[in-house]
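Visitor: I have a model open and would like to talk it through with you. Could we start with one chain and then turn to how the chains meet?

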Protein chains: 2
Amino acid sequence: MLWFFYIIYSNYIKRGTYNMANVTILGAGAMGSALTTPLRKNGHNVNLWGTHLDTKIIDQLKKDGTHIKHKCKLEDGINYFYNEELEEAMKDADLVIMGITSDGLASVFKKAIPYLKEGMVVGSVAKGFEYDLKDKDKVIILPDILEELLPENLVGKIPFVFVGGPCKAVEVVWECPNSVDYASKDIEAAKYMRSLLVTDKYNVGISSDVIGLEICAAMKNAYSIGLGMAEGFKELDGKLNNNCKAALFTFAVAEMGVLTKAMGGSYSSVIGQPGVGDLEITCEAGRNRILGEVCGGGMPGTKAIKKMRDEDITVEGYNAIKFAWELIPQLEEKGVLDRSKLPFLQALYEILFEDKNAYDTIVKVMNKCTGFDYE
Amino acid sequence: MLWFFYIIYSNYIKRGTYNMANVTILGAGAMGSALTTPLRKNGHNVNLWGTHLDTKIIDQLKKDGTHIKHKCKLEDGINYFYNEELEEAMKDADLVIMGITSDGLASVFKKAIPYLKEGMVVGSVAKGFEYDLKDKDKVIILPDILEELLPENLVGKIPFVFVGGPCKAVEVVWECPNSVDYASKDIEAAKYMRSLLVTDKYNVGISSDVIGLEICAAMKNAYSIGLGMAEGFKELDGKLNNNCKAALFTFAVAEMGVLTKAMGGSYSSVIGQPGVGDLEITCEAGRNRILGEVCGGGMPGTKAIKKMRDEDITVEGYNAIKFAWELIPQLEEKGVLDRSKLPFLQALYEILFEDKNAYDTIVKVMNKCTGFDYE
């Protein structure tokens with residue numbers, strides 16, 4: 001009889017909304033550490049593990065609970081782990097959240113694999129494209145990377161949940177209201193992850209559209225560089241170009257729709273938080289916009305990106321443009337895309353990689369995209 | 001034989017892209033006067049007529065060509081007319097553009113009616129809702145007002161063209177690139193108006209969706225007040241709420257879609273320049289956003305609007321919220337709308353007209369609208 005209660009009890013613990021779960025967050029950077037706030041507010045047991053790049057962050061967190069990037073204290077009661085303590089950090093996890101940037105995702109996930117067990121849910125905040133691990137010429141989205149890395153005995157047994165939508169990490173720590181989407185092929189897994197994180201401020205919508213969410217997550221960075229160019233034009237003659245920026249915003253949404261459709265995703269993500277919402281916040285400030293502003297102000301694309309790289313600034317949208325550009329022939333070969341439907345993306349590629357003049361090129365985009373048939 | 005050439009010639013003059021047309025702009029305010037720039041660049045004969053409110057503007061324009069609102073000179077060769085010179089200003093017009101704000105549109109159009117002739121095209125930059133002239137309890141869109149005012153002998157003989165999309169007037173004067181939509185039930189009329197105004201900077205798309213364009217034009221002001229509230233929250237505790245603003249942006253687009261659909265408009269306007277594009281520019285700055293910021297910062301809605309009115313500041317979005325709120329029962333009666341699909345609009349009404357606390361109300365909107373089924 002005892003085993004019967006045990007099964008009910010353990011299941012209750014695992015999926016129950018109001019019960020304590022064990023959550024391990026891999027990566028103590030801005031977003032990984034921010035998610036400790038709603039998790040601790042909901043009373044879960046939270047392990048925050050830092051990569052080798054996060055040692056100073058973990059040092060300070062252990063010392064006085066302050067996160068040196070967020071410049072404020074995190075919630076009490078979080079368990080902190082250094083890079084070499086991965087096994088301990090992963091022990092008994094119900095939910096593992098990959099709080100890792102796209103370029104580090106595969107390597108960290110590989111390290112975590114030995115500690116994954118059937119029934120665990122894996123969430124990821126990483127966004128974007130990558131080269132296929134099996135075919136270095138092929139561009140795929142990050143969810144495919146995680147699926148590929150999973151060892152045979154765990155295939156189909158570890159559901160993945162991906163996070164999209166506008167979400168500045170520090171505002172999560174501050175408990176400002178937000179709204180994000182959790183997308184998964186396994187809706188129950190997405191709902192489970194939501195049940196652990198959702199609060200009256202951290203709002204979560206559920207979606208089955210992993211592809212659309214990922215395409216938007218990557219491309220909103222790309223197009224925000226373009227919107228930044230309109231902001232940068234004022235360097236040329238002192239005149240604001242708000243009309244141009246707003247029009248480009250609309251074209252960006254349309255082209256995210258073209259790419260999402262070609263990849264097999266849903267338009268609902270494009271007009272939802274992952275698309276429109278995340279584009280809005282991304283074009284207001286940040287590194288993508290800065291790169292755009294610099295180019296819009298007259299600096300050639302290759303010089304502008306070199307300057308930012310010399311200052312150790314990663315511009316995600318720049319990589320997204322390159323990946324998307326390489327993805328186009330793959331999609332054309334499949335017969336699901338016509339590159340003439342992406343004039344804004346083409347312009348961004350030409351400005352950033354071929355040093356075409358930003359102003360003249362954007363003026364032509366405005367001519368071409370106005371009244372353009374994106375269908 | 002001569003009459004034959006005359007017909008061909010006069011038609012050519014009238015509809016030809018590269019021929020001089022006579023264009024009369026009624027209203028010398030920001031937008032009316034701005035449209036003189038693309039028209040003069042294209043070599044048309046332009047008459048700019050000022051209402052009784054524009055006398056000082058016309059004075060200065062006649063003196064040295066400077067527009068006192070734009071603080072710069074307009075193009076050379078524009079003919080300026082005072083309020084009492086309407087007949088002369090309207091003489092031989094091929095295109096009449098109503099550069100009048102929504103509250104003055106009907107009265108100015110009535111004055112212009114005696115000088116309208118079959119074959120003239122009438123464009124309008126005024127946007128929004130109004131009470132039906134025949135039924136003061138009924139809310140209708142401005143295009144319906146113009147249609148209603150037309151005397152019987154001109155019904156069906158004067159095509160109307162409506163302008164939507166992001167367009168700060170002064171940027172048109174500066175010749176910064178923009179993209180707007182011209183919508184008309186008579187597509188040829190919209191194309192004709194475009195042919196007179198389009199330049200390499202002033203881009204014009206053509207649309208048949210008058211209803212969607214007008215709904216978006218009005219509601220983008222309304223929702224921008226809500227987006228401004230998220231900006232204002234920083235007054236409460238010093239914390240930015242960019243996540244909230246971006247999420248609300250997405251809900252605003254969704255609700256513009258709900259209203260547009262209920263009114264019989266097209267979703268293409270909502271995700272195009274009149275909806276997404278114009279919302280983007282409107283929420284970045286301006287009077288609607290300011291009202292929202294003030295409420296978000298803690299001032300009760302009725303006090304905030306009184307303060308702005310005392311300073312003689314018209315907030316178009318405030319009126320749009322009221323009109324939309326009164327429109328709801330009309331649409332419910334027709335069975336084309338369920339008001340529960342407009343939670344953000346309801347919140348704005350409650351904050352502005354019933355003094356509900358902005359922060360608490362918006363937090364509830366975020367809870368309700370996340371993952372909300374807007375279909």
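Visitor: Which strands of chain A does helix H10 lie across?
Guide: This is a predicted model, and in it helix H10 of chain A, residues 210-232, lies across strands S10 (160-164) and S11, running at about 40° to S10(A).

Visitor: And what is the strand order in the sheet of chain A?
Guide: Eight strands form an open sheet with mixed pairing, in the order S5-S2-S1-S6-S7-S10-S11-S12, and neighbouring strands are turned by 25° against each other on average, direction ignored.

Visitor: Which strands stand at the edges?
Guide: Strand S5 (79-81) and strand S12 (202-207) of chain A do, and each has a single partner strand, so one side of each is left without a neighbour in the sheet.

Visitor: How do S11(A) and S12(A) pair, parallel or antiparallel?
Guide: They pair in the parallel sense over six bridges, and Val180(A) has Val204(A) in S12(A) as its bridge partner.

Visitor: Changing topic, how many residues of each chain are in contact?
Guide: There are 47 residues of chain B in contact with 47 residues of chain A, and the area buried between the two chains is about 3,700 Å², of which carbon and sulfur atoms give 57%. On the chain B side, Pro177(B), Asn243(B) and Glu280(B) lose the most area to chain A, together 17% of what that side buries.

Visitor: How many salt bridges cross that interface?
Guide: The rule finds four, one of them between Glu284(A) and Lys245(B), whose closest N and O atoms are 2.7 Å apart.

Note on methods:
Residues are numbered from 1 along each chain as its sequence is written. Chains are lettered from A and ligands numbered from 1 in the order in which they are written. This is a predicted model: local features need pLDDT of at least 70, side-chain atom pairs count only at pLDDT 80 or more; totals for chains, interfaces and linings use all residues. Side-chain values use heavy atoms; hydrogens and water are left out. Contact means heavy atoms within 4.5 Å. Buried area is the accessible area (1.4 Å probe) that two parts lose on being put together, summed over both. A salt bridge is a side-chain nitrogen of Lys or Arg within 4 Å of a carboxyl oxygen of Asp or Glu. Two strands pair if DSSP finds at least two bridges between them. Helices (H or I, at least four residues) and strands (E, at least two) are DSSP runs, numbered from the N terminus. Axes are lines fitted to C-alpha atoms, for helices over the stretch in contact, and angles run from 0 to 180 degrees between N-to-C directions.
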